[in-house]
Amino acid sequence: MELPPMIPLLPLRGMTVFPHMVVHFDVGREKSVKALEAVMKGDRRILLAAQRDLRDDEPGIDQIYSVGTVAVIRQVLKISGDSIRVMAEGQERVRITGQVSDSPFLLATIEPFIPTKRRLSAVRGEALVRSAVELFNDYASIAPKMSDEVLFNVNSEKSPEALADTMAQNLAVSFEQQQEILEAGNAYSRLELLIGLITHEIDVLNIEREIQGKLRGQLSKNQRDYYLREQLKTIQEELNEGDETGGSVDDNDIDYYRQAIVKLEFAQDIEEKLMKETHRLAQMHFSSPEAAVIRTYLDTVLELPWRERTDDRLSIKAAERVLNTDHYGLDKVKERILEFLAVKQLAPELKGQILCLVGPPGVGKTSVGGSIARALNRKLSRISLGGVRDEADIRGHRKTYIGAMPGRVIQGVKQAGSGNCILLLDEIDKLGADYRGDPSAALLEVLDPEQNHAFRDHYLEIPFDLSDVLFIATANRADTIPRALLDRMEVIELTSYTDEEKLHIAKRHLLGKQMGRHGLDKTQFKVNDGLLRELIAGYTKESGVRQLERQLATLCRKAAKRIADGDVTAVKLTAADLPTLLGPRKYKPERLPGKNEVGVVNGLAWTSVGGELLEVEAGVVDGSGKVELTGNLGAVMKESARAALTYIRSRADSLSIAPDFYTKKDIHVHFPEGAVPKDGPSAGITAAVAMISALTGRAVRRDLAMTGEISLRGRVLPIGGLKEKTMAAYRAGVRTVISPADNESDLAEIDPTVRAALQFVTADHMDDVLRVALAGA
Ligand code: ADP
């Protein structure tokens, strides 16, 4: 039966299920019960996958192993209380690719598990099967509780797949070990793992029996530790001996490695090194842990795209077409990218140009990266750098570490399978650094054209040429990117979308994409503009379109379900349907109160998620000249508020403020939303206006917002992020924006819709600001 694209997921505690195996387990957790109920109404198919931590009561998708088994529920039986006993039969091994929702139960997206190819001589395959069966029989003769049925199945089974699964399911080993077998790339790798495990189990069981025999009768409480230590020692001795005796690695395998190495035509020293590893492998027992390490190493090295390159599509026209079909608007961004590609085409020898797409979440940075790959006809691979603190994440661990792997860069290239792929370095601004080394230094080496033609990964130990790779980084803000990295990159800014742009993006791109994903065609699902507008205004609050896309996905899912249930043949939705489908409106339209107030001023802030309207309040009471600044402020913001105060003192006279106010009054300036940390100098003039208003009792215009740094003499100094800030002002319904005169050139960048809706006042000095800001002045 064909796999469904998404399926309810039931996380298993301490248990791994293999295809074609019948298993029993008890279910008590609410989500699991819900998942069961849901599938019992449908085709009874459910995804069973082990959770990583047994103690976790509500594991999220990332707490669950990514390989599981789709199973059919054969029987459910209510036992005590809320518990249900389930009998299920595994059907097919699958990979979990993501989650669609996590309530009322986990709904996961899956894809078939494609076995990895393995070159293996028929003889060796046969030998693996036979040794596994023999060992299993030995194991069964000493293991407690092995049923005859299992033994019969193992001895009559011919296909290596089914054999490996049957043995794995019935071996009394930890679920982690079983999971490792489930995840192994193909049946032969599974058999190898099994042979190692069973051999070990037999050894342990034998030694246990021996020790028990010896010690029985004289085992007192304080001898227990000794007993365990002896057990450990004997096991270790036994295992070490195993390495030197018995079957060594198959000659065919060694030949395969040798030929593959020669074929890749490495430089002489590299070839020698790889041959040396192969030689070491040839000396080893084929199931020893060291052999597995070297084998993995050689496989990894040989699988890298040393020579593979895709042909670039160099037509700028074609690239433009791809960019335009994938994305609405973004004209400036597209233009910059096309220029970049044109330079690439004219001067292909110019290497090491790196693009960095900067902008708030959900504005399309990652997907623009994908389009560039499509436009150039290159493979794409994505590396997430968010939270990476360890240098080894970038550069890999030496292979002597247990479970060592190459770093993310090499893994990315390997996954792309082409040496001139595009590597998308996601969230480069979230790179950390601590005692484990500085990942940005390692990344610098990756990006440096002088060095990256021979990049050294700790695991590979041999240099890999990254000079053909095209790197594209993404970040929310440019100012938190490590300076040295930023200097290497060409920054392209993407900014927030207006509601109008969001509407077009939803209509032309998101809706079609989500309908396709949910199997809906145009005759089955329709929404009107009114609904989209309401979604944008009432159900999302964001700079980009990510929530919007998610809400559209929810609508598609609900429609698909209704159609699949046979209730209707088509679903047509308008804004009026939203409360029933998505719940009540989540965001009220931002509207400024009509009344002008004393001491309350609209400031404009710029955060990593875009621009924001920030209301600043000032209050004045009789006192002794204390100044209080609250609202989780950083040092720069506090200093700038104090500078504003000094300016007011120096100009008290002309502002008609009693000159001794700073000895007779206490001033309190508060920046609301105290939980959000704020910093930066750009609220200087806002704080100044708030204080002046509070001191003079003159009200401030409510339909106005401002941004600007202040100097002690009252000059208004330039600030950053004007485009995002004006967008926020526009969203909030502000009419007039005061900005520094020195930012005048930025006004040209502002979105046309926003520009048309707002009146801009540029200010050189506080006098200009006050003239406009104070009501009735
Ligand atoms: P980011 O990487 O900036 O956080 P994404 O690339 O993940 O954002 O974009 C989120 C979603 O919005 C993607 O599905 C993307 O295709 C879509 N999207 C964003 N901007 C546009 C646009 N201008 N036109 C079409 N789709 C867009």
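Buried residues (under 20% relative accessible area with a 1.4 Å probe, protein chains only; over 50% is exposed and the range in between partly exposed) make up 47% of the 777 residues in the chain. The structure is a predicted model, in which local features need pLDDT of at least 70, side-chain atom pairs count only at pLDDT 80 or more, and totals for chains, interfaces and linings use all residues. Residues are numbered from 1 along each chain as its sequence is written, and side-chain values use heavy atoms, with hydrogens and water left out.

Along the principal axes, the C-alpha atoms of the chain fill a box of roughly 100 × 70 × 70 Å. The chain contains 27 helices and 26 strands, defined as DSSP runs numbered from the N terminus (helices: H or I, at least four residues; strands: E, at least two). Of the contacts (heavy atoms within 4.5 Å) between residues at least 6 apart in sequence, 73% join residues at least 24 apart.

Helix H2 comprises residues 122-142, and its 21 residues reach 31 Å from the first C-alpha to the last. This span is close to the 30 Å expected at 1.5 Å a residue, the expected value being 1.5 Å times one less than the number of residues. The buried residues of H2 include Leu128, Val129, Ala132, Val133, Leu135, Phe136 and Tyr139.

Helices H11 (residues 316-326) and H12 (residues 331-346) pack at an angle of about 150°, with their axes 10 Å apart. Axes are lines fitted to C-alpha atoms, for helices over the stretch in contact, and angles run from 0 to 180 degrees between N-to-C directions. H11 and H12 are therefore roughly antiparallel to each other, a class assigned to angles over 145 degrees. To this contact H11 contributes Ile316, Ala319, Glu320, Leu323 and Asn324, while H12 contributes Lys334, Ile337, Leu338, Leu341, Ala342 and Gln345. These residues divide into 7 nonpolar, 2 polar and 2 charged, where Ala, Val, Leu, Ile, Met, Phe, Trp, Tyr, Cys and Pro count as nonpolar, Asp, Glu, Lys and Arg as charged, and the others, Gly among them, as polar.

In helix H19 (residues 529-539), Leu531, Leu532, Leu535, Ile536, Gly538 and Tyr539 are buried. The buried residues of H19 pack against helices H18 (499-517), H20 (546-564) and H21 (578-582), and against strands E14 (525-527) and E15 (571-573). Gly538 counts as buried because its relative accessibility is 0%. Residues up to four places away in sequence not being counted, Gly538 touches Arg585, Lys586 and Tyr587. The C-alpha atoms of Gly538 and Gly619, 81 residues apart along the chain, are separated by 34 Å.

How values were computed: Parallel < 35°, antiparallel > 145°, perpendicular 65-115°, else oblique.
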